[in-house]
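Q: Please take a close look at the aromatic side chains in this model.

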Amino acid sequence: PPFQNAELGKRAPRWIRDNEVTMCMKCKEPFNALTRRRHHCRACGHVVCWKCSDYKAHLEYDGNKLNKVCKDCYHVIIGCTDSEEKKRKGILEIESAEVSGNSVICSFLQYMEKSKPWQKAWCVIPKQEALVLYMYGAPQDVKALATIPLLGYTVDDTPKSADLPHSFKLTQSKSVHSFAADNEELKQKWLKVIHLAVKGETPECQNELQVN
């Protein structure tokens with residue numbers, strides 16, 4: 001569970017693993033070949049880029065020694081607030097962990113758009129927005145790569161390629177989104193939710209669809 005502000009620095013955080021994120025968990029800058037240095041905030045355990053880890057604070061759990069912390073934790077620990085952070089988050093900036101923990105369904109799917117190559121995406125349909133599919137690069141990313149409002153899409157679940165037998169397609173006028181699951185059971189779970197969502201309906205038995 002996320003740390004309460006009062007606990008910051010008082011106990012050691014759970015470190016988010018490097019491979020669980022594709023971008024800085026604070027400024028959302030993607031980690032690429034040039035900026036691949038990933039740092040851990042010693043207060044909240046989040047993976048951040050060098051710019052967002054350039055702060056130090058005394059942490060109680062570490063004998064009040066100075067430790068590298070992220071900007072947010074720094075402001076909380078030294079007790080000043082950053083008014084800029086209060087800006088409303090955009091629709092894509094809903095944290096994946098937040099929506100995945102309260103979702104109708106979530107899992108990795110292969111995704112293809114137009115003629116681009118297939119890529120792996122962490123896909124989530126949140127309970128509070130059961131008609132929208134959120135796509136993230138990884139399960140702990142703090143910003144979605146894309147969202148697809150499912151209402152009005154046509155579902156085609158006949159796979160086109162032998163390489164990806166568990167695929168399905170969503171089409172609406174000119175926009176086409178192709179997905180592929182790792183197995184037939186997972187594909188059917190997704191289709192069960194998507195078939196309802198495209199008609200503007202939400203599943204009754206939401207809890208049965210959690211896929212780890």
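Which residues form one aromatic cluster?

A: Tyr111, Phe168 and Phe179 form one aromatic cluster. The model is predicted, so local features need pLDDT of at least 70 and side-chain atom pairs count only at pLDDT 80 or more, while totals for chains, interfaces and linings use all residues. Residues are numbered from 1 along each chain as its sequence is written, and side-chain values use heavy atoms, with hydrogens and water left out.

The structure holds 5 aromatic pairs (rings of Phe, Tyr and Trp, the last by its six-membered ring, with centres within 6.5 Å; planes under 30 degrees apart are stacked, over 60 edge-to-face, the rest tilted). One of them joins tyrosine 55 and tyrosine 74, which is tilted because the planes stand at 40°, with the centres 5.1 Å apart. Tyrosine 55 belongs to strand β3 (residues 55-59) and tyrosine 74 to helix α1 (residues 71-78), so this pair ties together parts 19 residues apart in sequence (helices, H or I, of at least four residues and strands, E, of at least two are DSSP runs, numbered from the N terminus). Tyrosine 55 is partly exposed at 25% relative accessible area, and tyrosine 74 is partly exposed at 24% (buried is under 20%, exposed over 50%, partly exposed in between, with a 1.4 Å probe and protein chains only).

Tyrosine 111 sits in strand β5 (residues 103-113) and phenylalanine 179 in strand β11 (residues 175-180), 68 residues apart. Both tyrosine 111 and phenylalanine 179 are buried.
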